[in-house]
Amino acid sequence: MTGRSLILAAPASGSGKTLVTAGLARHLRGCGLRVAAAKAGPDFIDPSFLAAATGRPCINLDVWGMRPATLAGLVAELEASADIVLCEGVMGLFDGTGPDGETGSTAKLARLTGWPVVLIVDARGQGASVAAMLRGFATHEPLLELAGVIFNRVSSERHRTILATALARHLAHLACLGLSPAPEAVPIPRLGEHIAVARDQAFCFAYPALLDGWRRQGAELTFFSPLADEAPFETADSVYLPGGYPELWADRIASANGFITGLQRAAADKKPIYGECGGYMVLGEGLIDGAGRSRRMTGLLPLVTSFAERRLHLGYRRAKMFGRNPLGTAGTRFRGHEFHYTTVVEELAADPFLAVTDAAGTPLGEYGLQRGSVFGSFIHLIDRCGETD
């Protein structure tokens, strides 16, 4: 391991991981250290807080979604770029996905990176018995190194003393493992040589590792704001519409004639245009908001989506491409993540984009559409599949 790194995990969600990680990052940054932040799993929201605390993008490290080479490359870049890396875990330390509920857990990330784990414990309503719970976490998996504990929601000085004394009496310090830098891997093929990326409050969910991967492949990235009625740069040879909150900005998007006309011109010029989740919705004919009001979108795909009847779609996905586009050829496989509350109310003639299963391999059917050079789906792609997928 080339730098100092920590994983801040917890016994359960709601323990204060994001708050503590962001606060610690801000403090260390104020001390003059170069702090890099990472987030276990596919989440977009927590990384936005960590990015604000560190002043630099927070990188997602996804054990389920990424190949080992991709993960190792990102870890090496993080360690090389900072004095210290703070990685926020996901859910409870051993919580994950798959049939056993442990695949892709923070614990697996800790084993792969060798980064020591600091456990954030919500101590509300607990006293000396907290040591028994911590002993369970410290011994549950012998290969996992638990370096320390941060108690959250401590009610008084006496409460703090009881917790600290119990920890000192029953648990010794554990050594930390290290990591050697690993080879770089390119996760997702670039869309073109000059990619115009939508970026504003309606299009705010793009994995930094995805964008950095395109840059490493030699792509130039420029950013434009559909909410400001900006069109993709005419010099760009491809366009990326990431996820976000188009339903909250449907009126602005519908009236952004410059943006819509520019995107339609790019499609007419056969430039690749790729939309993920919210970006995919904007590529459709229309979007119905939570109040049942319909707004026109860009009309590049025969799709109408609705938030009038909210339905949660959440989980890891395996995806295989049906056809050819800049991301690959028929049969190219990816891992990704789906999280939205949208229903599809109209989906007309176009080629399907992806054949999808959940993390356990259960078929979920066809996802997304492709018409000419325009394609997209509700899935945020994380990485290409490995040889064993």
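In this predicted model, the charged end of R199 sits over the ring of F223, 3.8 Å from the ring centre. A charge counts as over a ring if NZ of Lys or CZ of Arg is within 6 Å of the ring centre and within 35 degrees of the ring normal. R310 likewise lies over the face of Y341, at 4.2 Å from the ring centre.

Residues are numbered from 1 along each chain as its sequence is written, and side-chain values use heavy atoms, with hydrogens and water left out. Because the model is predicted, local features need pLDDT of at least 70 and side-chain atom pairs count only at pLDDT 80 or more, while totals for chains, interfaces and linings use all residues.

**The six-stranded sheet**

- An open sheet of 6 strands has the order β3-β2-β4-β1-β5-β6, with parallel pairing; strands (E, at least two residues) and helices (H or I, at least four) are DSSP runs numbered from the N terminus.
- β3 and β6 (146-152) stand at the edges with a single partner strand each, so one side of each has no neighbour in the sheet.
- Neighbouring strands of this sheet are turned by 25° against each other on average, direction ignored.
- Strand β1 (residues 4-9) pairs with strand β4 (residues 84-88) in the parallel sense over 5 bridges, where pairing requires at least two bridges found by DSSP between the strands.
- S5 has V85 as its bridge partner in β4.
- α3 lies across β1, β2 (35-40), β3 and β4, and runs at about 140° to β3. Such angles run from 0 to 180 degrees between N-to-C directions, with axes fitted to C-alpha atoms, for helices over the stretch in contact.

- Buried means under 20% relative accessible area, exposed means over 50%, and partly exposed lies in between (1.4 Å probe, protein chains only).
- Both faces of β7 are covered, with buried H194, A196 and A198 on one side and buried I195 and V197 on the other.
- β7 and β8 run parallel and are joined by 5 bridges.
- In β8, V197 has F223 as its bridge partner; the ring of F223 is also the one under the charged end of R199.

**Helix α7**

- Helix α7 (residues 208-216) has P208, A209, L210, L211, G213 and W214 as its buried residues.
- These buried residues pack against β3 (59-61), α3 (68-81), β7 (194-198), β8 (220-224) and β9 (238-241). Contact here means heavy atoms within 4.5 Å.

**Aromatic pairs**

- The whole structure contains 14 aromatic pairs. Rings of Phe, Tyr and Trp (its six-membered ring) pair if their centres lie within 6.5 Å; planes under 30 degrees apart count as stacked, over 60 as edge-to-face and the rest as tilted.
- W214 and Y240 have ring centres 5.2 Å apart and planes at 85°, so this pair is edge-to-face.
- The pair links W214 in helix α7 with Y240 in strand β9, 26 residues apart.
- W214 counts as buried at 0% relative accessibility, and Y240 counts as buried at 0% as well.
- Y274 and F375 form a stacked pair, 5.1 Å centre to centre with 20° between the planes.
- Y274 lies in strand β10 (residues 273-276) and F375 in strand β19 (residues 374-377), so the pair ties together parts 101 residues apart in sequence.
- Y274 and F375 are both buried.
- One aromatic cluster is formed by W214, Y240, Y274, F353 and F375.

**Two loop residues**

- T332 lies in the loop between β14 (313-321) and β15 (333-340), and T332 is buried, with a relative accessible area of 19%.
- The side chain of T332 reaches the backbone oxygen of T329 at 2.8 Å.
- Leaving aside neighbours within four places in sequence, T332 is in contact with A319, K320, M321 and L327.
- G127 lies in the loop between β5 (117-122) and α5 (130-139), and at 22% relative accessibility G127 counts as partly exposed.
- Leaving aside neighbours within four places in sequence, G127 is in contact with I162 and L163.
- G127 and F151 are 24 residues apart in sequence and 11 Å apart in space, C-alpha to C-alpha.

How values were computed
A polar contact is a pair of N or O atoms within 3.5 Å; within protein, one must be able to donate a hydrogen and the other to accept it, and residues adjacent in sequence count only if both atoms are side-chain atoms.
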